[in-house]
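Visitor: I would like to learn how to read this model feature by feature, with the general idea before each case. Could we begin with the backbone and then turn to the interface and the core?

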2 protein chains.
Amino acid sequence: MPHIDVDTERPGIGGLLAFRPGPARPLLELAETLLRGPNSLSEGERELIVAHVSTLNDCTWSKRAHGAFAAALLDGGEELVASVCRDPRTAPVSAKMHALLDLAGAVTRSGKEVDSELVAEARRQGATDEEIHDTVLITASFCMFNRYVSGLGAAVPEDKSVYDELVEIRVKRGYLVLGGVEA
Amino acid sequence: MPHIDVDTERPGIGGLLAFRPGPARPLLELAETLLRGPNSLSEGERELIVAHVSTLNDCTWSKRAHGAFAAALLDGGEELVASVCRDPRTAPVSAKMHALLDLAGAVTRSGKEVDSELVAEARRQGATDEEIHDTVLITASFCMFNRYVSGLGAAVPEDKSVYDELVEIRVKRGYLVLGGVEA
């Protein structure tokens, strides 16, 4: 049960966004820019970082939703996403993604856990300054979204078809439609 | 030294926002809505929550900047802000603010630390659902901003006059001007 009186017909963060439309638009525009905007990291790679961070933060809603997005966008599908969420060190991803997932893990614990060696390793594996920046900001933003959803006790559906429908909307139409602020 | 090649002439988050203008606008619009938008919590109370959260996250930049904003906006000034950052339980704030600062502390640790008793106590002290929602989202958003700033090693000026200038812009013109995306 959510801690405040939101529309529980809207799953996960949806009920919270509808409760307070003021911040809903910038929150969704942030997700749209970071996760679907032009980027040298693929949309699937960015959603994989989100699934990893949401797993570390133990946010069931974001783990399920963004895990489903990553699985739909990446060749490795659900198996790849599960292996990253279980243990990114042994998951079959590129050396650059290993370094970026390590960086994301540090930021999730605390911004102060990032040291020059973590950043240098990402660079050695071919990450650009933009990719390092975006990995830190994507991670930081899900340290927000995860706390928003869990902190207000948002409803987390069990029914897999709910997430299948979210995948369809996110992939074809994007986060502003997903969050209900655009048709 | 920042971990990536940003303009170090721009203090704190400023260099990061200029490095990547895409997400800069929604980030600043989020801050503007949450901290300066219409609300039954005063701007000073909201900045006090941010100063508390930024202290818990040990983010020197946000602690100094938002501490200065809270001090400028609240009758208690710097002394009140320092007492909240030292120990919110003994700080001279209202019973409602005590409960909301407690809630913010829990969200900072993890969204899953929020239980129905913390929320019930805020309600007993007169907090509305909107105020509970906004306390959780303001806190969550600074778990993002703090990680963004610390995780990329943004420059933190020592010179007090830098923060005095930020106060002037934040109070009179707002976060979009402060972040350099509007004149």
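Guide: Let us begin with a loop: Asp58(B) lies between helix H3 (43–56) and helix H4 (60–73) of chain B. Please keep in mind throughout that this is a predicted model.

Visitor: What is the phi of Asp58(B)?

Guide: As a general idea, most residues other than glycine have a negative phi. Asp58(B), which is not a glycine, has a positive phi near 55 degrees. In chain A, Asp58(A) likewise has a positive phi, of about 55 degrees, and is found in the loop between helix H3 (43–56) and helix H4 (60–73) of that chain.

Visitor: Is Asp58(B) buried, partly exposed or exposed?

Guide: Asp58(B) has a relative accessibility of 44%, so it counts as partly exposed, and Asp58(A), also at 44%, is classed as partly exposed too.

Visitor: Turning to the interface, how much area is buried between chain A and chain B?

Guide: The size of an interface is often given as the accessible area lost when the parts come together. Here the area buried between chain A and chain B is about 3,600 Å², with carbon and sulfur atoms giving 67% of it. On the side of chain A, His3(A), His133(A) and Arg147(A) lose the most area to chain B, together 19% of what that side buries. The contact draws 45 residues from chain A and 45 residues from chain B.

Visitor: How many salt bridges and polar contacts are found between chain A and chain B?

Guide: Four salt bridges are found across the interface, and one salt bridge joins the side chains of Arg20(A) and Asp134(B), at 2.5 Å from N to O. The count of residue pairs in polar contact between the two chains is 16. Among the elements that give two or more residues to the chain A side are helix H1 (13–19), helix H2 (21–36) and helix H8 (129–151), and H8(A) supplies the largest share, 15 residues. By residue class, that side divides into 19 nonpolar, 14 polar and 12 charged residues.

Visitor: Finally, which residues touch the most other members of the largest nonpolar core?

Guide: In soluble globular proteins, nonpolar side chains tend to be buried together. In the largest nonpolar core, which has 125 residues, Tyr148(A) and Tyr148(B) touch the most other members. Setting aside neighbours within four places in sequence, Tyr148(B) is in contact with residues of chain A, including His133(A), Val136(A), Leu137(A) and Ala140(A), and with residues of chain B, including Ile13(B), Leu16(B), Leu17(B) and Leu27(B).

How values were computed:
Residues are numbered from 1 along each chain as its sequence is written. Chains are lettered from A and ligands numbered from 1 in the order in which they are written. This is a predicted model: local features need pLDDT of at least 70, side-chain atom pairs count only at pLDDT 80 or more; totals for chains, interfaces and linings use all residues. Side-chain values use heavy atoms; hydrogens and water are left out. Contact means heavy atoms within 4.5 Å. Buried area is the accessible area (1.4 Å probe) that two parts lose on being put together, summed over both. A polar contact is a pair of N or O atoms within 3.5 Å; within protein, one must be able to donate a hydrogen and the other to accept it, and residues adjacent in sequence count only if both atoms are side-chain atoms. Helices (H or I, at least four residues) and strands (E, at least two) are DSSP runs, numbered from the N terminus. Ala, Val, Leu, Ile, Met, Phe, Trp, Tyr, Cys and Pro count as nonpolar, Asp, Glu, Lys and Arg as charged, and the others, Gly among them, as polar. Buried means under 20% relative accessible area, exposed over 50%, partly exposed in between (1.4 Å probe, protein chains only). A nonpolar core is a set of buried Ala, Val, Leu, Ile, Met, Phe, Trp, Tyr and Cys residues joined through side-chain atoms within 4.5 Å.
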